[in-house]
Amino acid sequence: MPLRSLVSRSCCPSPVWKSLSKAAARAAGARMRAVGVLRSADNWRTRLAICRTCLLRTVSNGVSLCGPPYLRQLHRTPADGCGCRCEDKAKRPAEHCPLTIQGRPLPTPHPAACTCQWCAANAD
Ligand code: SF4
Ligand SMILES: [Zn+2]
């Protein structure tokens, strides 16, 4: 489906438009992190190691992604994964894995004591 037809032409941003804006902001953040302008999460290597064993991880062109590539699935729930590169996602300090250690979607609203796969590993 052409991208243009997915984006609303009304004055209010469509969910797809919001999602694309968020993805663009995340990509910009990853570039700034790569040149040292933004800091990376201290435990990003531990997070990334968890991603490497995760059933939701996909590999596209040799790159590990959280779920299917973003542009292949614009409509998705958090439990589908965001489609971001695992390394970029792991480096974002405020990021959380969308799955609990039991492989279930993380409850919403986000619990104060996070039970995501990454935070559960930190609690050990
Ligand atoms: S962020 Fe979580 S769900 Fe996504 S690939 Fe990593 S471990 Fe899996
Ligand atoms: Zn968490």
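This is a predicted model: local features need pLDDT of at least 70, side-chain atom pairs count only at pLDDT 80 or more; totals for chains, interfaces and linings use all residues.
**Overall layout**

I counted five helices and two strands in the protein chain. Along the sequence I read the pattern α-α-α-β-β-α-α. Of the 124 residues, 19% are buried. I also checked contacts with a separation of 6 or more, and 32% of them join residues 24 or more positions apart.

**Ligand 1**

I listed the shell of ligand 1 and found 13 residues, the closest being Cys51, Cys54, Leu56, Cys66 and Cys97. Sorted by class, the shell holds nine nonpolar, two polar and two charged residues. I then asked which helices supply at least two residues of this shell. I found helix H3 (44-52) and helix H4 (86-91).

**Cys66**

I looked up the contacts of Cys66, leaving out its neighbours within four places in sequence. They are Cys51, Leu56, Arg57, Gly81, Cys82, Gly83, Cys84, Cys86 and Lys89. Cys66 is also one of the residues closest to ligand 1.

**Helix H3**

I went through H3 and marked Trp44, Arg47, Ile50 and Cys51 as buried. Viewed down the axis of H3, these buried residues fall within an arc of 120 degrees, so they line one face of the helix. The general rule I set beside this is that an α-helix has 3.6 residues a turn, so residues three or four places apart point the same way. On the other side of H3, I marked Arg45 and Arg52 as exposed. I then checked what covers the buried residues of H3, and the cover includes strand S1 (57-60), S2, H4 and helix H5 (117-123).

**Gly81**

I located Gly81 in the loop between S2 and H4. Is Gly81 buried or exposed? I counted 24 other C-beta atoms within 10 Å of Gly81, so I record Gly81 as buried; the cut-off for buried is 20 or more. Not counting residues up to four places away in sequence, Gly81 touches Leu56, Cys66, Gly67 and Pro98. I also took the C-alpha to C-alpha distance from Gly81 to Leu65, which is 8.4 Å for a pair 16 residues apart in sequence.

Technical notes. Residues are numbered from 1 along each chain as its sequence is written. Chains are lettered from A and ligands numbered from 1 in the order in which they are written. A residue is near a molecule or strand if its C-beta atom, placed from the backbone, lies within 6 Å of it. Helices (H or I, at least four residues) and strands (E, at least two) are DSSP runs, numbered from the N terminus. Ala, Val, Leu, Ile, Met, Phe, Trp, Tyr, Cys and Pro count as nonpolar, Asp, Glu, Lys and Arg as charged, and the others, Gly among them, as polar. Two residues are in contact if their C-beta atoms, placed from the backbone, lie within 7 Å. A residue is buried if 20 or more other C-beta atoms lie within 10 Å of its own, exposed if 12 or fewer, and partly exposed in between; C-beta atoms are placed from the backbone. The arc is that of the directions from the helix axis to the C-beta atoms.
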